[in-house]
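Trainee: Can you walk me through this one? I'd like to start with the terms.

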Amino acid sequence: IPSGVELFPSAARVEGSATLTGTGDTEIIAAPGAGIRNYVKEASGSNTSATGVRVDIKDGTTVKRSFFVAASGGGFAVIFSPAIKLTANTALNMALSAAVTDVRVGASGYTAP
């Protein structure tokens, strides 16, 4: 595929971000609707708190990947190839392993049947 050519129309692109502080699930990309799935291509996180913590990337409530972000500036940035295929009509959530003051996360991808 030539550089800059998308497999899906730009209208199918999804993205989201949030600031995590607790262990509960936080929706990053909403559920796309009946019969449609989110495919996660990229995710990132950055920790400004004084405590290292694990970030769980979830298909609804099921952990798909986990990354540790070190204290005071640790982070991660990853491109998934192939994309993480989520369950139909299910949100992409993220959660922390422990409560901290500030972990910024984001993700992007696309929707398709």
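Mentor: Start with exposure. Buried means under 20% relative accessible area, exposed means over 50%, and partly exposed lies in between (1.4 Å probe, protein chains only). Keep in mind that this is a predicted model: local features need pLDDT of at least 70, side-chain atom pairs count only at pLDDT 80 or more, and totals for chains, interfaces and linings use all residues. Residues are numbered from 1 along each chain as its sequence is written, and side-chain values use heavy atoms, with hydrogens and water left out.

Trainee: OK. Is Glu-15 buried or exposed?

Mentor: Exposed. Glu-15 has a relative accessible area of 56%.

Trainee: Which side chain does Glu-15 meet in a salt bridge?

Mentor: That of Arg-13, at 3.6 Å from N to O. A salt bridge here is a side-chain nitrogen of Lys or Arg within 4 Å of a carboxyl oxygen of Asp or Glu. Arg-13 is partly exposed, at 46%.

Trainee: How many salt bridges does the rule give?

Mentor: The count is 4. One of them joins Lys-58 and Asp-25, with 2.7 Å from N to O. This pair links distant parts of the chain, 33 residues apart. Lys-58 sits in strand S4, and Asp-25 in the loop between strand S1 (13-20) and S2. Strands are DSSP runs of E, at least two residues, numbered from the N terminus.

Trainee: And how accessible are Lys-58 and Asp-25?

Mentor: Lys-58 is buried, with 11% relative accessible area. Asp-25 is partly exposed, at 35%.

Trainee: Which residue does Asp-102 bridge to?

Mentor: Arg-104, again by side chains, at 2.7 Å from N to O. Asp-102 is buried, at 14%. Arg-104 is partly exposed, at 46%.

Trainee: New topic. What is the strand order in the sheet?

Mentor: S2-S7-S4-S5, in an open sheet of 4 strands with antiparallel pairing. Two strands pair if DSSP finds at least two bridges between them.

Trainee: Which strands are at the edges?

Mentor: Strand S2 (26-29) and strand S5 (62-69), and each pairs on one side only. The twist averages 30° from one strand to the next. For that angle, axes are lines fitted to C-alpha atoms, and angles run from 0 to 180 degrees between N-to-C directions.

Trainee: How many bridges do S4 and S7 pair over?

Mentor: They pair over 5 bridges, in the antiparallel sense. S4 covers residues 53-59 and S7 covers residues 92-96.

Trainee: What is the partner of Val-55 in S7?

Mentor: Leu-96 is the bridge partner of Val-55.
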